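Below are some notes for a colleague who is opening this structure for the first time. They are numbered so that each can be checked in turn.

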Amino acid sequence: MRAPRATVPAALLCLTLTAAASGCTSGPGPEPEKGAIVLATGSDLSSSGVRQDLIRAWEKRTGRTVRIVKLPDTADGQRSQLLAAGQSGDTHYDVLNIDVAWTAEFAEAGVIRPWGTSLDGDFLDSVVKTAEYDGKVWGVPFNTDAGLLYYRKDILREYGYNQPPSNWGELKNVAAQVADAYNRKAAKAAKAGKKGRTPPTMYGMVAQLRPYEGLTVNTLESAWANGGDPEATSFTKGEQVGALQQGVADVKDRLDSIMPHEATTMDETESRRWFADGRALFMRNWPVEYGSVAEKLKEGVQFAVAQLPGRPTDGKRMSVLGGQNLAISAGSTRPEGARALIAALTSAGSERCLLERGFAATRDSAYRDAAKAPDCPLPPGDAERGEQGATQRPAPDPGEEPAYTRTLYAALRAAAPRPRSAHYQTFSKVVQIRVSEYLNSRGGTAIADALAREADEALSGHG
C-alpha cells in the first residue's frame, strides 16, 4: 500500500521550481497606476511657458498623461488650497509645485511625503537647503531665484560711475547724488524747451515694501547685510542681537531718503514699472523681471543687473532664495508616476531649458559655458507658444542664455533660504505687520525691538 503523498505548500513549490515556471507567484503583483498624474501649480511666471512644454514633452516620451490644476494667483491662496486639500485627506493631487518657504510647514502638516533619497551633487548647495527639513529631503528644487540689483547703466556712467555701488551705504549716497543731478538737469532742459515737458522725477531706488512676502524678503536681506546669520533661529540671542532692528532701520532710512513713499505699496510688478518708466535709478527685484524691463525701456536706454550690495564688514553679498520645489503629495495614488515626472522636470537638460527661457536653474551644470552645458531637449519652437495668459516672445537661439547668467549664478551660490520653520508663515506675517508699521511711523526703536521678540516667538510656534 502506497503512503499518502505529502502536500507541498504553494510558496515552497514556487521557490523550488525552475525558471521555466517563472509565472508562479505567491500572489498578485501591484497593479499599474491608473489615470492622469495631477500636478497642482500656480501660473507659469516666465513668458515662454517652458514648464508646460517640459511636461508635454514628458507625456510624449512616456505615454503618461499629466493634468495641470491651476491654483489661485496669490501665494497665500495657493498655500491655503494645498494645505486644506492635504489635511482633509483629499487624494486629488499627485505632484505639488510649492514655494520654497513652505517646505517645513507642509512636511509637519503631513501634506507631502519624504523624497526618500538624497539629492545628487549637481544641485546648488544653497538651493538644496530649501528642500530639507528635520534631517530629510521633502522635494526636488525645480526653479530658484535670487534678488538682484537693477540699475540704469547709462545714467550712472553719465555721472562718472562705471560700476554699481559695492555696499548699501554707498548705494544710498550714489543714488541721492545722481538722482538729484539728473532731475536738475532734466528740469533745466525742459525749461529751455529742449524736451517739451519735464520728465517724471527720478528717485534713487524702488523695492517691494508693500506688506506681503516681498517686504519680509527685503527685511531679511537688510538684516543679513547688518551681520545677521541666515542659519540663526533667534533674533534676540548672541551675535544676532540688533541685526534685525538695524536692518529694519536701514530699510526705513532708504525709504525716507532715496525712495518714493509709494514704495510702501509696491510689489515686484509695480516696482518694475517704476524702473522701466525711468522713475528709479536702482531697483531690487528678481531676475524673472529682466525680460519685461528690457521690453519696456525706450530705445537707447541701458540697464544692467548686479548682485545685491555687500556688507561693509566683509563685502559678502547675500540674497534671500526664492523659487519652487516639486514634492509628492502625501495622498497621491500615483506615487511612481509622480516621482518619474519630478525627476524628468528637474533633470540636467530640463534645468538648462528653464535657464534659457527665463527661470533661474537649480543645477550647477546649467550654468556652464554653452559648449559644456547640458542640451535643452525642447525644440526652439516650443518656446513661442507660451501658457495661457503669458506674453509670447520669439524663441531664443539654441544654447542661448540670459545676459545676467554669470551674475545670477554668483548670487545663487551666496544666497540663503528663509528661516526653515513650520511656523514661517506666522513669522512672515509678524514681520509684515511690524515693519509696515515702522516704515509708516516717525521712527523710534520700540517697534523694531518688539519685532525681534515677536519674530522669535513666531518661529518657535509661540506667537
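1. Against which helices do the buried residues of H15 pack? The model is a predicted one, and in it these residues pack against helix H3 (75-87), helix H4 (103-108), helix H8 (213-225), helix H9 (243-257) and helix H16 (446-459). The buried residues themselves are Tyr424, Gln425, Phe427, Ser428, Val430, Val431, Gln432, Val435, Ser436, Tyr438 and Leu439.

2. The length of helix H15 can be checked. It covers residues 424-439, and at 1.5 Å a residue its 16 residues should span 22 Å.

3. Two packed helices are described by the angle between their axes and the distance between the axes. For H8 and H15 the angle is about 80° and the axes lie 9 Å apart. Angles of 65 to 115 degrees count as roughly perpendicular, and the two helices are therefore roughly perpendicular to each other. H8 contributes Glu213, Leu215, Thr216, Thr219 and Leu220 to the contact. On the H15 side, the residues are Tyr424, Phe427, Ser428, Val431, Gln432, Val435, Ser436 and Leu439. Sorted by class, this contact of H8 with H15 has 7 nonpolar, 5 polar and 1 charged residues.

4. Next comes the sheet. It is open, has 5 strands in the order E2-E1-E3-E11-E6, and its pairing is mixed. Strand E2 (66-70) and strand E6 (140-146) are the edge strands, each pairing on one side only. From one strand to the next, the twist averages 20°. Helix H12 (residues 335-345) packs on this sheet and touches strand E1 (37-41), E2, strand E3 (95-99), E6 and E11. The direction of H12 makes about 150° with that of E11.

5. How many bridges join E6 to strand E11? There are 6, and the two strands run antiparallel, with E11 covering residues 321-328. Thr144 has Gly323 in E11 as its bridge partner, and Asp145 stands opposite Gly322 in E11. Although E6 is an edge strand, it is mostly covered, with 7 of its 7 residues buried.

6. Is Ser271 buried or exposed? This residue, in helix H10 (residues 268-276), has a relative accessible area of 0%; the cut-off for buried is under 20%, so Ser271 is buried. Leaving out residues up to four places away in sequence, Ser271 touches Val206, Ala207, Gln208, Met266, Met283 and Asn285.

7. Lys129 lies in the loop between helix H5 (125-128) and strand E4 (132-133). With a relative accessible area of 32%, Lys129 is partly exposed. Apart from its neighbours within four places in sequence, Lys129 is in contact with Glu231, Pro417 and Arg420. Lys129 and Val100 are 29 residues apart in sequence, and their C-alpha atoms are 9.4 Å apart in space.

8. What is the phi of Asp134? It is positive, about 55°, although Asp134 is not a glycine. Most residues other than glycine have a negative phi. Asp134 is found in the loop between E4 and strand E5 (136-137). Its relative accessible area is 62%, so Asp134 is exposed.

Notes. Residues are numbered from 1 along each chain as its sequence is written. This is a predicted model: local features need pLDDT of at least 70, side-chain atom pairs count only at pLDDT 80 or more; totals for chains, interfaces and linings use all residues. Side-chain values use heavy atoms; hydrogens and water are left out. Helices (H or I, at least four residues) and strands (E, at least two) are DSSP runs, numbered from the N terminus. The expected span of a helix is 1.5 Å times one less than its number of residues. Buried means under 20% relative accessible area, exposed over 50%, partly exposed in between (1.4 Å probe, protein chains only). Contact means heavy atoms within 4.5 Å. Two strands pair if DSSP finds at least two bridges between them. Axes are lines fitted to C-alpha atoms, for helices over the stretch in contact, and angles run from 0 to 180 degrees between N-to-C directions. Angles under 35 degrees count as roughly parallel, over 145 as roughly antiparallel, 65 to 115 as roughly perpendicular and the rest as oblique. Ala, Val, Leu, Ile, Met, Phe, Trp, Tyr, Cys and Pro count as nonpolar, Asp, Glu, Lys and Arg as charged, and the others, Gly among them, as polar.
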